[in-house]
Amino acid sequence: MKNFKKLALMGLTAVMSLSLLAACGGGNSGSAETPSGNTETPAASGEFTTVEAGKLIMSTNAQFPPYEMVGDGEGYEGTGYEGIDVEIAYAIAQKLGLELVVDNMGFDAALQAVQTGKSDIVMAGVTVTDDRLEVMDFSDTYANGIQVVIVPENSDIATIDDLEGKLIGCQMGTTGYIYCSDTPENGGYGEDAVIPYDDGAAAIQALMNGQVDCVVIDNAPAQEYVKANPGLKILDTEFANENYAIGFAKGNTALKDAVNTALIELVEDGTVQSIIDKYIPAEG
């Protein structure tokens with residue numbers, strides 16, 4: 001079964017989640033323009049910068065329900081968007097005395113935006129991987145994601161092992177795409193076996209049209225897509241098990257520390273779990 005990578009990811013994210021950072025990201029009690037035009041905001045252990053004065057800009061791909069999606073009307077608290085990541089980011093921004101601004105784009109573009117200083121953070125169901133650690137910094141983990149396989153109800157694909165020789169649809173740039181397009185020697189199926197799409201909805205549409213045999217995607221949006229598209233089902237097996245974290249530009253330690261401290265407080269007081277439970281009710 002080609003899900004051995006979940007063990008390495010779990011080990012990596014376990015280390016990440018144990019590294020509770022000591023810096024405190026107190027309220028926005030004042031700001032000053034830096035030579036670069038970014039805004040310095042006082043924090044208990046120093047100054048952190050944001051792209052725009054008084055704002056926390058979050059790049060995301062709002063095609064990943066229930067983590068981020070275009071909101072009804074004004075969305076959550078006027079952001080225009082809603083979902084687990086949006087509400088957690090809003091709570092963090094509130095703790096830091098900042099206004100949350102959500103910038104919707106493709107998944108790859110969202111990762112690039114934070115790396116190039118166009119956004120302060122990226123939240124889009126982002127998994128910590130070795131490759132991403134080379135170009136980005138990350139917070140502690142805050143949510144668990146399980147990669148699953150969606151197939152038509154009449155499909156001959158019954159287990160992960162049956163993916164060999166099939167055409168697989170994935171969202172471009174996601175860990176599902178990375179795993180599936182990797183070489184067979186590394187547990188993947190090769191690039192020729194995978195068709196990347198801009199978002200999960202496009203991959204599902206391709207599956208409905210018979211252009212791919214299956215789609216590998218996170219379980220939470222998979223449940224939403226299957227509910228909205230009769231004739232599809234999720235295999236009763238995990239493709240990979242991973243954790244999500246907030247991404248920052250490499251070396252932006254002050255902002256990372258401030259955001260991470262706020263995140264830790266929100267985890268400890270139950271806010272994060274209550275947000276997750278709102279969108280993904282516990283079974284049983």
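Contact, in these legends, means heavy atoms within 4.5 Å. The model is predicted, with local features needing pLDDT of at least 70 and side-chain atom pairs counting only at pLDDT 80 or more, while totals for chains, interfaces and linings use all residues. Residues are numbered from 1 along each chain as its sequence is written, and side-chain values use heavy atoms, with hydrogens and water left out.

**View A. Helix α7 and its cover.** Helices (H or I, at least four residues) and strands (E, at least two) are DSSP runs, numbered from the N terminus. Helix α7 spans residues 219–228. Its buried residues (under 20% relative accessible area; exposed is over 50%, partly exposed in between; 1.4 Å probe, protein chains only) are Ala220, Pro221, Ala222, Tyr225 and Val226. The cover over them includes β5 (63–64), β10 (136–152), α6 (200–208), β13 (214–218) and β14 (232–234). Asp218 caps the N-terminal end of α7, with a side-chain oxygen 2.8 Å from the backbone nitrogen of Ala220.

**View B. Ser59 in strand β4.** Strand β4 covers residues 55–60 and holds Ser59. Ser59 counts as buried because its relative accessibility is 0%. Its side chain makes a polar contact of 3.0 Å with that of Ser119. Such a contact is a pair of N or O atoms within 3.5 Å; within protein, one must be able to donate a hydrogen and the other to accept it, and residues adjacent in sequence count only if both atoms are side-chain atoms. Leaving aside neighbours within four places in sequence, Ser59 also contacts others, including Asp103, Met105 and Ile121.

**View C. The sheet β5-β6-β7.** Three strands form an open sheet in this order, with antiparallel pairing. β5 and β7 (81–82) are the edge strands, each pairing on one side only. Strands pair if DSSP finds at least two bridges between them; β5 and β6 (residues 68–70) have two. Gln63 has Met69 in β6 as its bridge partner.

**View D. Aromatic pairs.** Rings of Phe, Tyr and Trp (its six-membered ring) pair if their centres lie within 6.5 Å; planes under 30 degrees apart count as stacked, over 60 as edge-to-face and the rest as tilted. By this rule there are five aromatic pairs. Tyr67 and Tyr244 have ring centres 5.2 Å apart and planes at 85°, so they are edge-to-face. Tyr67 lies in the loop between β5 and β6 and Tyr244 in strand β15 (residues 240–249), so the pair ties together parts 177 residues apart in sequence.
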